[in-house]
Amino acid sequence: MIDFDNKTVFKLKQNSEYAEKVSSLLLGDESIVDSYSSMRDGVVFTTKRIIAVNVQGLTGSKKDFTSMPYKNIVAYSVETSGTFDLDSELELYFSAIGKVRFEFSGKTAIVEISKHISQHALN
């Protein structure tokens with residue numbers, strides 16, 4: 001599992017590569033909202049959860065998949081991009097693992113992701 005205590009910020013760019021890597025993990029009624037990558041790791045937002053992909057080892061063939069269901073979010077904050085500041089941020093507080101923060105560069109589906117979080121966290 002990703003050590004969120006030491007790695008609470010992910011700087012991400014939109015990248016569909018990680019959507020393909022997690023597709024076999026999805027449930028029948030679950031679909032991908034958007035996917036992002038950092039240097040080696042990736043994050044996929046689905047209609048039910050966030051899947052963080054931690055690439056390990058020198059060759060990158062070993063991967064750790066951490067599933068964070070939206071229903072375990074107790075609070076969250078969204079910062080959208082502005083005119084001059086194109087980055088957006090998502091800060092989540094999970095009941096079991098604590099705070100996880102994502103920073104997005106460029107185009108993101110932050111509003112759509114926020115709606116899925118609200119749908120599961122508020123019901």
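I began with a single residue in this predicted model, and I found that Ser-35 has Val-44, in strand S3, as its bridge partner.

From that pair I moved out to the strands, and I noted that S2 (residues 32–37) and S3 (residues 42–46) run antiparallel to each other and are joined over five bridges. I then looked at what lies between these two strands, and I saw that they form a hairpin with four residues between them.

Next I asked myself how many residues of strand S2 are buried. I counted five of the six, so I wrote down that S2 is largely enclosed by the rest of the structure.

I turned to another serine, Ser-114, and located this residue in helix H2, which covers residues 110–121.

Of the 123 residues in the chain, 40% are buried, and I noted an accessible surface of about 6900 Å², with 50% of it belonging to carbon and sulfur atoms. Among the contacts with a separation of 6 or more, I recorded that 38% are between residues 24 or more positions apart.

Notes:
Residues numbered from 1 in each chain as written. Predicted model: local features only at pLDDT ≥ 70, side-chain atom pairs only at ≥ 80, totals over all residues. Heavy atoms only, no water. Buried < 20%, exposed > 50% of the residue type's maximum accessible area, 1.4 Å probe, protein only. Contact = heavy atoms within 4.5 Å. Areas by Shrake-Rupley, 256 points an atom, 1.4 Å probe, with all protein chains shown as cover. Pairing = 2+ DSSP bridges.
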